[in-house]
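I opened this entry to look up the ligand site and the pockets. My notes follow the display.

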Amino acid sequence: MKRYTEQAPGVMNPARIDDWVRPEVRELAAYAVPEAHGCIKLDAMENPYSWPEELAGAWLEVLRHVLLNRYPDGEARNLKDRLATYLELPSGLDLLLGNGSDELIQMVGLTVGGPGRCLVAPEPTFAMYRRIAKITGLEYVGVPLKSLNFDLDGAAMLSAIQGRQPVVVALSYPNNPTGNLFDRGLIAEIIAASPGLVLIDEAYFSFACGTWIDELSRHPRVLILRTLSKIGLAGLRIGMLIGAPEWLAEINKTRLPYNMNSLSQASGAFMLTHAEVFAAQIAQICLERQVLYQALAAMRGLQVWPSRTNFLLLRIPGRADRVFNGLRHQNILVKNLNGQHPLLADCLRVTVGRHEENEAFCAALTMHLCE
Ligand SMILES: Cc1ncc(COP(=O)(O)O)c(C=O)c1O
């Protein structure tokens with residue numbers, strides 16, 4: 001029997017994964033999601049509220065009529081129409097749907113990625129920009145935010161854009177995980193200086209009340225990303241890319257057929273006819289954010305930043321890992337950011353939950369801070 005080790009020099013060895021898997025993929029770890037059963041789940045920026053019982057009944061009735069033996073509507077026409085109304089999509093702009101906004105970031109990468117091309121992003125920011133850049137053959141260039149308040153470093157961003165000529169600049173607005181809205185004047189300068197696409201990710205738009213959507217008609221290379229995940233439909237995986245039809249037509253070529261499944265299309269369309277439910281829940285989350293922020297700001301031994309999102313970033317000098325593990329032990333799940341970026345040393349990110357969940361978190365945190 002022929003043994004792999006007997007192959008001629010220069011021939012790749014079928015037994016060695018390293019020979020075949022692209023090095024960019026080999027060096028990644030698969031995206032890990034912790035088991036959350038039975039936990040107070042404050043780690044993923046979800047909406048903690050569910051739907052009123054009578055609406056849940058009406059929704060199930062809609063689902064009863066979905067034909068699961070057929071492929072979905074490949075263009076998701078009904079959902080798209082409802083979304084255009086919900087987003088108050090300005091005329092002249094188009095909408096592309098993704099299986100979550102993550103998929104749309106990937107489609108952008110697949111459209112413009114390739115050797116010698118790069119994506120610039122301020123950091124720390126949403127981790128998927130780096131991961132997707134790598135997977136789609138883009139070099140990732142991170143430009144540190146200012147250390148005190150996580151503002152954009154305008155000079156550093158402009159210099160990176162000038163020097164690297166990126167095909168994409170990705171800006172999370174507001175930024176995950178720092179929670180702040182970057183300066184609009186600086187973003188305008190970045191748009192003016194960028195040779196390629198500027199992707200403005202407005203995943204947390206509903207909690208921030210700031211958008212670039214009205215600027216799109218003046219800037220055809222700017223694309224806006226939105227998602228239904230943060231307002232209460234994370235399980236449906238519905239993301240939207242908004243921009244000039246010419247750009248979206250190109251990006252659409254990278255989309256796999258039927259990327260939006262039938263149940264998500266039907267559920268999303270139904271739920272958008274009851275958008276007032278989301279509006280009330282978002283208002284409640286913003287109230288709870290304020291209460292939680294004040295409770296954390298009053299604690300000794302930690303620092304908390306104001307937030308325009310549905311999460312708060314906190315720093316617990318020297319004790320973040322210990323506190324994170326202690327909370328985990330009590331079935332309270334937050335995100336440990338310590339070690340992810342030098343600017344996030346000793347940082348945890350906590351999603352705003354229901355009032356009682358936030359209280360349980362604060363009580364547990366107080367206990368760990370006293371240890
Ligand atoms: C800035 C930002 N963009 C996009 C996403 C992904 O959203 P989706 O659930 O639509 O894939 C997240 C999720 O945390 C995010 O923080």
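**Ligand shell and pockets**

I sorted the shell around the ligand by class and got four nonpolar, six polar and four charged residues. The model I am reading is predicted.

I then listed what surrounds the ligand: the shell has 14 residues, with D201, Y204, T227, S229 and R237 the closest.

A backbone N or O atom of S101 lies 2.7 Å from one. For N176, a polar side-chain atom is 2.7 Å from a ligand oxygen. The side chain of Y204 also places an N or O atom 2.7 Å from an oxygen atom of the ligand. I checked burial as well: the ligand alone exposes 400 Å², and the protein buries 93% of that.

I asked which elements give two or more residues to the shell, and found helix 5 (101-112) and helix 10 (229-233).

I turned to the pockets. The ligand takes up the space of the largest pocket, which holds about 1400 Å³. I counted 45 lining residues there, and Y31, F126, A127, M128 and K335 lie nearest the centre. Helix 6 gives the largest share of this lining, five residues. By class I noted 24 nonpolar, eight polar and 13 charged residues in the lining of the largest pocket.

The second largest pocket has about 340 Å³ of space. I found 19 residues lining it, with Y86, L87, F205, S206 and R226 nearest its centre. Helix 13 supplies four residues, the largest share of that lining. I recorded its classes as 13 nonpolar, two polar and four charged.

Terms used
Residues numbered from 1 in each chain as written. Predicted model: local features only at pLDDT ≥ 70, side-chain atom pairs only at ≥ 80, totals over all residues. Heavy atoms only, no water. Near = heavy atom within 4 Å. Polar contact = N/O pair within 3.5 Å; in protein donor to acceptor, adjacent residues only side chain to side chain. Areas by Shrake-Rupley, 256 points an atom, 1.4 Å probe, with all protein chains shown as cover. 1 Å grid on protein atoms, 1.4 Å probe; cavity = no way out; pocket = protein on both sides within 12 Å on 5 of 7 lines; lining within 4 Å. Sits in = over half its atoms within 2 Å of the grid points. Nonpolar A, V, L, I, M, F, W, Y, C, P; charged D, E, K, R; others polar. Points joined across faces, edges and corners; volume = space filled by probe spheres on them.
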